[in-house]
Amino acid sequence: TYKNLQLIPIRFKAGKGSGSATGYLSLSQAMQQKKVVVKELGGRIGPDKRYVSLINRSKYTIVAQAGELIKGGKQDRAIAQTILIPPSRKGEAVNVFCVEKMRWENKARPFFHGGSSELHLRRQIDVRRAQPPVWQEIDRQFENRQQTSKTWSYLQLHNDSTRGNLDYISFFTQKFAQSGGGLAGFVFVSGNEVLSMELFE
């Protein structure tokens, strides 16, 4: 517990959840270790903004979770649904939502992992499962914070808000390092209210 936020860990049974020994890599791990290649996909009549290609070059299955953010390419995206990507030299088409609606470049930038979207945007991704509600939620957050952006980049807004919570991040990062692994997820609680739950596998 730190200030008004409590994280309750969900643990695997004994012998489970020891990172890549389980046969799984998270998308963030895979991108940091350069074990996955993320590419733009072309359609019959031009680029297809709704999908990216993930090529798993590791020997483990990669877990890409709904709401994970990938920065770069021709525009920033959010993974639209949780998917398992087995080892393969062939690309897997993964459904995505745009989270930077005013940028589309002819030449794609390198992709980087951008973290995970917060609860309100995740709800639009998980429940509404359509691009217009995703943009509406991003617009709402910009309006609430009285900010603007040249490209309406959710990642810019997300990173600005994260910097304001560095003390929380520092505290829980230290706790994770001391946990000994085996974590399957968390329940997030503030006061008497359950805010959300995350399951990693």
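Predicted model: local features only at pLDDT ≥ 70, side-chain atom pairs only at ≥ 80, totals over all residues.
Tutor: Rings of Phe, Tyr and Trp (its six-membered ring) pair if their centres lie within 6.5 Å, and planes under 30 degrees apart count as stacked, over 60 as edge-to-face and the rest as tilted. Residues are numbered from 1 along each chain as its sequence is written, and side-chain values use heavy atoms, with hydrogens and water left out.

Student: How many aromatic pairs does a search of the whole structure find?

Tutor: The search finds three aromatic pairs.

Student: Why is the pair of phenylalanine 186 and phenylalanine 188 called tilted?

Tutor: Their ring centres are 6.3 Å apart and their planes stand at 55 degrees, so the pair is tilted.

Student: What makes phenylalanine 186 count as buried or exposed?

Tutor: Buried means under 20% relative accessible area, exposed over 50%, and partly exposed in between (1.4 Å probe, protein chains only). Phenylalanine 186 has 9% relative accessibility and therefore counts as buried, whereas phenylalanine 188, with a relative accessible area of 21%, is partly exposed.

Student: How do you know that the charged end of lysine 49 sits over the ring of tryptophan 104?

Tutor: The criterion asks for NZ of Lys or CZ of Arg within 6 Å of the ring centre and within 35 degrees of the ring normal. The charged end of lysine 49 lies 4.9 Å from the centre of the tryptophan 104 ring and sits over that ring.
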